[in-house]
Amino acid sequence: MTPPGQRDYSGARLSRHAVERFVERFGVEPEDAEERLRRVLRRTRRLGRNPANRAVAVVALHEARTLVAILQEGACLTVLTWNQFEPRLREFGRSRVPRKWGRTLGRLAAPIEPPRSDLDAGEPDD
């Protein structure tokens with residue numbers, strides 16, 4: 001289960017272009033690229049939406065590097081590095097980098113804590 005504020009896009013259809021760009025831009029072996037990209041897309045944070053074509057930009061981390069995936073109609077169309085995406089922020093409804101950017105990336109990098117049940121939060125066993 002993804003933490004609050006994060007989204008799981010690992011089930012999106014991956015275009016060949018997206019997988020090829022992932023290999024090219026992040027140095028992943030082609031044989032492992034699809035599986036690793038799906039793993040990256042399990043924990044994303046939405047950056048914005050392009051009203052012209054209804055594409056959504058999401059940010060994720062791959063080996064401590066910022067990755068931006070562009071998704072449209074249930075498919076991952078391409079993968080960009082942060083430096084490639086930053087000039088396109090306005091296309092996705094943002095005039096500048098989101099507030100508390102470091103905190104956002106830190107939350108994506110943090111391990112997922114298992115949900116605590118009511119029994120775990122209660123009194124210690126005697």
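**Reading the fold, step by step**

Reply: Let's begin with one residue and what surrounds it. Leaving aside residues up to four places away in sequence, cysteine 76 touches Ala12, Arg13, Leu14, Ser15, Ala18, Leu41, Ala69, Ile70 and Leu71. Keep in mind that this is a predicted model.

Me: Which residues touch the most other members of the largest nonpolar core?

Reply: A nonpolar core is a set of buried residues such as Ala, Val, Leu and Cys, joined through side-chain atoms. Here the largest one has 19 residues, and Phe22, Leu67, Cys76 and Val79 touch the most other members. At least two residues each come from helix 1, helix 2, strand 3, strand 4 and strand 5. Helix 1 gives the largest share, with 4 residues. There's also a second, separate core of 14 residues, with Leu47, Ala55, Phe85 and Leu89 among them.

Me: Which strands run parallel, and which antiparallel?

Reply: Go pair by pair. Strand 1 and strand 5 (residues 75-81) run parallel, joined by 2 bridges; there, arginine 13 stands opposite alanine 75 of strand 5. Strand 4 and strand 5 are antiparallel, with 6 bridges, and leucine 67 has threonine 81 in strand 5 as its bridge partner. Strand 2 and strand 3 are antiparallel too, with 5 bridges; asparagine 50 is partnered by alanine 55 in strand 3.

Me: How many residues lie between the strands of each hairpin?

Reply: For a hairpin, look at the turn between two paired strands. Strand 2 and strand 3 have 4 residues between them, and arginine 54 in that turn has a positive phi of about 60°. Strand 4 and strand 5 have 2 residues between them, and in this turn glutamate 73 has a positive phi of about 50°.

Me: Which residues of helix 4 are buried, and why are they on the same side?

Reply: An α-helix has 3.6 residues a turn, so residues three or four places apart point the same way. In helix 4 the buried ones are Trp101, Thr104, Leu105 and Leu108. They're on the same side of helix 4 because they cover an arc of only 95° around the axis. The buried residues of helix 4 pack against strand 2, strand 3, strand 4 and helix 3 (82-85).

Me: How many aromatic pairs are there?

Reply: For ring pairs, read the distance between centres and the angle between planes. The count here is 3. One of them is tryptophan 82 with phenylalanine 85, a tilted pair at 5.8 Å centre to centre and 50° between the planes. These two are 3 residues apart in helix 3, so about one helical turn separates them. Phenylalanine 85 also pairs with phenylalanine 92: the ring centres are 5.5 Å apart and the planes at 50°, so this pair is tilted. Ring pairs link Trp82, Phe85 and Phe92 into a cluster.

Me: Why do phenylalanine 85 and phenylalanine 92 count as buried?

Reply: Buried means under 20% relative accessible area. Phenylalanine 85 is at 0% and phenylalanine 92 is at 6%, so both count as buried.

Me: And where does aspartate 32 lie?

Reply: Aspartate 32 is in the loop between helix 1 (16-26) and helix 2. With a relative accessible area of 37%, aspartate 32 is partly exposed.

Note on methods. Residues numbered from 1 in each chain as written. Predicted model: local features only at pLDDT ≥ 70, side-chain atom pairs only at ≥ 80, totals over all residues. Heavy atoms only, no water. Pairing = 2+ DSSP bridges. Buried < 20%, exposed > 50% of the residue type's maximum accessible area, 1.4 Å probe, protein only. Arc of directions from axis to C-beta. Contact = heavy atoms within 4.5 Å. Phe/Tyr/Trp six-rings, centres within 6.5 Å; stacked < 30°, edge-to-face > 60°. Core = buried A, V, L, I, M, F, W, Y, C linked by side-chain atoms within 4.5 Å.
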